[in-house]
Amino acid sequence: MLINAHNMAVLFTAVSTQFKNAFQKYQDDTWQKFARLQPVSAGILEMPFLEQIARMREWVGPRLVNRLSADKLTVKIRKFEETYEVPREAVEDDTYGMYSSLLEQMAQSCANLPNDLVEELLNDAASAKWCDGSAFFGTTRKYGKTPIANTSTKALTSESLKEAYTTMASYKGHGGDSLRVRPTVLIHGPALKFKAKELLENESILEEGTVGAAAVPNPTRGLVEAVELPGLKGNKWFLAAASGVIQPVYYFERTRPDQVVRKDQERDSNVFSEDTFLYGARGRASAAFVLPHLIYFGNAD
């Protein structure tokens with residue numbers, strides 16, 4: 001191919017089209033089973049919460065105003081990029097087609113930025129902080145006088161899953177009324193794939209008795225939906241209530257990385273100095289835990 005402005009514009013159109021098609025094809029929306037996409041318009045986000053988490057009350061006397069808390073969840077939007085290069089000779093010799101797989105791989109990486117950030121958030125759950133400055137997952141937090149213990153160090157078993165479910169279902173708000181938390185999703189990584197399948201799908205389980213083990217009906221069969229995240233490390237697991245308006249995890253998106261930019265003009269420094277053409281994409285986003293009563297952490301690692 002003759003390297004000129006017209007031919008490079010045609011090539012860039014083909015590159016952009018292939019990138020967009022691959023971006024759509026390889027999007028994995030698994031994270032949206034327990035997280036919410038929240039578009040944002042600023043680099044730093046302050047998310048307010050109600051000072052008291054409650055439900056509707058009978059109107060007797062003056063209204064009871066639920067004010068916003070002075071504590072806010074502050075999220076800094078991060079910036080990401082993905083870039084690949086094509087040797088000038090590959091374009092001149094019409095062999096750039098062999099780089100198509102690299103372009104599609106870049107598109108796949110960009111399309112799955114949400115999964116990457118949500119998995120990173122879950123992997124670092126033990127050090128996560130909430131807007132009040134305390135650990136997001138802990139055993140001492142209270143809503144009013146009601147404890148909100150949302151973590152344990154127990155491995156994933158039938159008993160620990162039932163305990164976590166029962167604990168979440170018993171959460172109460174500042175006024176002492178039930179928060180009506182209903183866990184819906186068990187989040188795990190590859191290490192717990194078969195354990196989660198056993199707990200949620202087997203019709204019976206073995207239970208130790210005085211005369212040995214015996215098969216009994218599985219009390220956690222169909223209790224929640226299992227969601228496997230390929231990037232979730234070790235034996236950690238999470239139980240999440242994801243059927244409400246507010247989700248346990250939010251993915252804040254400022255710029256979706258679905259557009260390709262180029263540096264393939266003769267005047268570009270990389271063309272002059274390195275004899276290469278560059279194509280890349282950029283995105284801006286972050287992920288954060290939102291409300292402690294919506295997710296329980298089994299820190300079995």
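**Labels and their grounds**

Mentor: Start with Pro292. Once neighbours within four places in sequence are set aside, Pro292 is in contact with Trp130, Phe136, Arg141, Tyr143, Ile148 and Asn150. Contact means heavy atoms within 4.5 Å. The model is predicted, so local features need pLDDT of at least 70 and side-chain atom pairs count only at pLDDT 80 or more, while totals for chains, interfaces and linings use all residues. Residues are numbered from 1 along each chain as its sequence is written, and side-chain values use heavy atoms, with hydrogens and water left out.

Trainee: Why is Pro292 called buried?

Mentor: Buried means under 20% relative accessible area, exposed over 50%, and partly exposed in between (1.4 Å probe, protein chains only). Pro292 has a relative accessible area of 0%, so it is buried.

Trainee: Where does Pro292 sit, and how far is Trp130 from it in sequence and in space?

Mentor: Pro292 is in the loop between S15 and strand S16 (295-298). Helices (H or I, at least four residues) and strands (E, at least two) are DSSP runs, numbered from the N terminus. Trp130 is 162 residues from Pro292 in sequence, yet 8.2 Å from it in space, C-alpha to C-alpha.

Trainee: What makes helix H4 (residues 113-123) largely enclosed?

Mentor: The count does. Nine of its eleven residues are buried, so H4 is largely enclosed by the rest of the structure. They are Leu113, Pro114, Asn115, Leu117, Val118, Glu119, Leu121, Leu122 and Asn123. Take Leu117, which lies in H4. Its relative accessible area is 4%, so Leu117 is buried.

Trainee: Which residues does Leu117 contact, leaving aside its neighbours within four places in sequence?

Mentor: Arg78, Phe80, Tyr251, Ala285, Ser286 and Ala287. Leu117 and Ala287 are 170 residues apart in sequence and 6.0 Å apart in space, C-alpha to C-alpha. For the protein as a whole, residues 24 or more positions apart account for 76% of the contacts with a separation of 6 or more.

Trainee: Why are H1 and H3 called oblique to each other?

Mentor: Axes are lines fitted to C-alpha atoms, for helices over the stretch in contact, and angles run from 0 to 180 degrees between N-to-C directions. Under 35 degrees is roughly parallel, over 145 roughly antiparallel, 65 to 115 roughly perpendicular, and the rest oblique. The axes of H1 (residues 5-25) and H3 (residues 100-111) come within 8 Å and cross at roughly 45 degrees. H1 and H3 are therefore oblique. Val15, Gln18, Phe19, Ala22 and Phe23 of H1 make the contact with Ser100, Leu103, Glu104, Met106, Ala107, Cys110 and Ala111 of H3.

Trainee: How does the contact of H1 with H3 divide by class?

Mentor: Into nine nonpolar, two polar and one charged residues. Ala, Val, Leu, Ile, Met, Phe, Trp, Tyr, Cys and Pro count as nonpolar, Asp, Glu, Lys and Arg as charged, and the others, Gly among them, as polar.

Trainee: What angle do the axes of H3 and H4 make?

Mentor: Roughly 50 degrees, and the axes come within 4 Å. That makes H3 oblique to H4. Ser109, Cys110 and Ala111 in H3 meet Leu113, Pro114 and Asp116 in H4. This contact has four nonpolar, one polar and one charged residues.

Trainee: What makes S7 and S11 edge strands?

Mentor: Two strands pair if DSSP finds at least two bridges between them. The open sheet of five strands runs S7-S16-S12-S8-S11, with mixed pairing. S7 (151-152) and S11 (225-228) each have a single partner strand, so one side of each lacks a neighbour in the sheet. Inside that order, S8 (residues 185-188) and S12 (residues 237-240) pair in the antiparallel sense over four bridges.

Trainee: Is Asp275 buried, exposed or partly exposed?

Mentor: Asp275 has 30% relative accessibility, so it counts as partly exposed. Its phi is also positive, near 60 degrees.
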